[in-house]
Amino acid sequence: MAEYITEGAVLRCDQGQYATELKILSSRMCIGGKLAANHKDCVPMKNIFPFGLCSSRTYGYSAKAKEGQEHPCVLDLMEQYYLPDKSQVMSEAIEQIIPLEACIKRIREIIGYSVNEMTKIQHLRIKQMNYRFSDEIAKHYAVLWKATDNVFTMRESLSEVKSSITAFYNVGIQNCTYLAEGNEDIIIAGQIVEIMEKLKELANQKAVLSGLPKVEASYLITMESFGICRCGGILKFEMSGQI
């Protein structure tokens, strides 16, 4: 199980003189009652403070390097920690997470219902299957089902999801029209209309996704995460801050 970084974590640079404590000034997520760090919590003099004297042979390559025989730590840090846990989205993205979770649930309900009902009608009508329609439906069903496995994959696949929603809707409507051709059964006609209404709801989910607020994703960091200083140092955690 990953050991996540929280307030009280101790960080050391392999070219520094001593370790320092990581400061987390604002976070919407807590672990064990402590603020959790994200992959952007590496701002000099805000989250991380100098490690004393720097012993790196490449100290002078940094634009922030100080002249003289002694090389004080200048915290010329890269803008993020590497190896964050990208499956753990920080709650700073809560404005997206809540509507995404609702959208995931609705998409799965609609595509599952639509495929099941169209298959039932196909059997009831004993009508030859239109394989072009069925193949397209199966293809986009698979894409949508995989992409809606969790919020993380959904966020990473938004463009593909929106394209597949449009394609599933279009081919679903075409298949319903095909199944309705020559039908005289009132019950089956009502079922087809209901499927088409559900497909319209699916199309509406694309508008929901397009209307999501723009936020930058933040991810939890663990004891395996590390930072990089342009002076030549590697920043690693000695303690996670968790009890």
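Predicted model: local features only at pLDDT ≥ 70, side-chain atom pairs only at ≥ 80, totals over all residues.
User: Why is Gln205 called buried?

Analyst: Gln205 has a relative accessible area of 12%, and buried means under 20%, so the label applies. Gln205 is found in helix α5, residues 186-210. Leaving aside neighbours within four places in sequence, Gln205 is in contact with Cys103, Arg106, Ile107 and Ile165.

User: What makes the pair of Tyr81 and Phe237 tilted?

Analyst: The angle decides that one. Their planes are 40 degrees apart, while stacked needs under 30 degrees and edge-to-face over 60, so tilted is what remains. The centres are 5.5 Å apart, within the 6.5 Å limit for a pair. Tyr81 lies in the loop between β4 and β5 and Phe237 in strand β8, so the pair ties together parts that are 156 residues apart in sequence.

User: And why is the pair of Phe133 and Tyr178 called edge-to-face?

Analyst: Here the planes make 75 degrees, and over 60 counts as edge-to-face. Phe133 is in helix α2 and Tyr178 in helix α4, so this pair links parts 45 residues apart in sequence. Both Phe133 and Tyr178 are buried.

User: How do you know that the charged end of Lys127 sits over the ring of Tyr178?

Analyst: The charged end of Lys127 is 4.1 Å from the ring centre, and the distance limit is 6 Å. Lys198 likewise lies over the face of Tyr113, at 5.6 Å from the ring centre.

Notes:
Residues numbered from 1 in each chain as written. Heavy atoms only, no water. Helix = DSSP H or I, 4+ residues; strand = E, 2+ residues; numbered from the N terminus. Buried < 20%, exposed > 50% of the residue type's maximum accessible area, 1.4 Å probe, protein only. Contact = heavy atoms within 4.5 Å. Phe/Tyr/Trp six-rings, centres within 6.5 Å; stacked < 30°, edge-to-face > 60°. Lys NZ or Arg CZ within 6 Å of the ring centre and 35° of its normal.
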